[in-house]
Amino acid sequence: MPLNIKIQQVDKNTVKIILSGQINSDTYEALDRQINELVQKKISTIILDLADVDFVSSAGVGAIIKAKMSLMRYYGELALVNPQPQIRKVFDIMKLLPAMN
């Protein structure tokens with residue numbers, strides 16, 4: 001299943017990325033590229049809306065952690081919102097919540 005990425009500008013420094021599909025070894029690079037572009041544009045807050053994400057593999061988790069670290073270097077923030085229960089469980093098991101918010 002592909003990963004659909006929709007960008008929504010919230011304000012000058014904040015972008016919401018609305019994702020649908022799966023974040024896995026076939027799709028994580030598209031998300032990684034998109035986030036890198038936003039970081040290069042000096043976006044300081046990225047909100048990842050996971051409401052329509054039904055699967056996250058370890059590659060997807062890695063891309064999200066990388067995004068968090070990239071933003072932290074520039075004193076930015078990454079927030080995960082609306083994860084489905086199975087997605088929340090992945091981050092809970094890895095002890096990444098609430099650190100990701």
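## Exercises on salt bridges and a surface patch

The side chains of Lys66 and Asp32 form a salt bridge, with 3.0 Å from N to O. Keep in mind that this is a predicted model. Let's work through this pair and a few other spots together.

**Exercise 1.** Find out which helices hold Lys66 and Asp32, and how many residues apart they are.

*Solution.* Step one: locate each partner. Lys66 sits in helix H2 (residues 58–73), while Asp32 sits in helix H1 (residues 28–40). Step two: look at the separation. The two are 34 residues apart, and the pair links distant parts of the chain. Step three: check the contact in another way. The side chains of Asp32 and Lys66 are also joined by a polar contact of 3.0 Å.

**Exercise 2.** Decide for Lys66 and for Asp32 whether the residue is buried or partly exposed.

*Solution.* Step one: recall the cut-off, since buried means under 20% relative accessible area and exposed means over 50%, with partly exposed in between. Step two: take Lys66, whose relative accessible area of 39% makes it partly exposed. Step three: take Asp32, which at 16% relative accessibility counts as buried.

**Exercise 3.** The structure holds two salt bridges. Work out what Asp49 and Lys16 contribute, and which strands they tie together.

*Solution.* Step one: identify the contact. The side chains of Asp49 and Lys16 meet in a salt bridge of 3.6 Å, N to O. Asp49 is buried, at 9% relative accessible area, whereas Lys16 is partly exposed, at 22%.

**Exercise 4.** Name the residues that make the nonpolar surface patch, and give its area.

*Solution.* Step one: list the members. Ile65, Met69 and Met72 make a nonpolar surface patch of about 260 Å². Ile65 is found in helix H2. Step three: read its accessibility. Ile65 is partly exposed, with a relative accessible area of 30%.

**Exercise 5.** State how far the C-alpha atom of Gly62 is from that of Tyr74.

*Solution.* Step three: take the distance. Gly62 and Tyr74 are twelve residues apart along the chain, and their C-alpha atoms are separated by 19 Å.

Methods: Residues numbered from 1 in each chain as written. Predicted model: local features only at pLDDT ≥ 70, side-chain atom pairs only at ≥ 80, totals over all residues. Heavy atoms only, no water. Salt bridge = Lys/Arg side-chain N within 4 Å of Asp/Glu carboxyl O. Helix = DSSP H or I, 4+ residues; strand = E, 2+ residues; numbered from the N terminus. Buried < 20%, exposed > 50% of the residue type's maximum accessible area, 1.4 Å probe, protein only. Polar contact = N/O pair within 3.5 Å; in protein donor to acceptor, adjacent residues only side chain to side chain. Patch = residues over 30% accessible without salt bridge, like charges linked within 9 Å, V, L, I, M, F, W, Y side chains within 5 Å. Areas by Shrake-Rupley, 256 points an atom, 1.4 Å probe, with all protein chains shown as cover.
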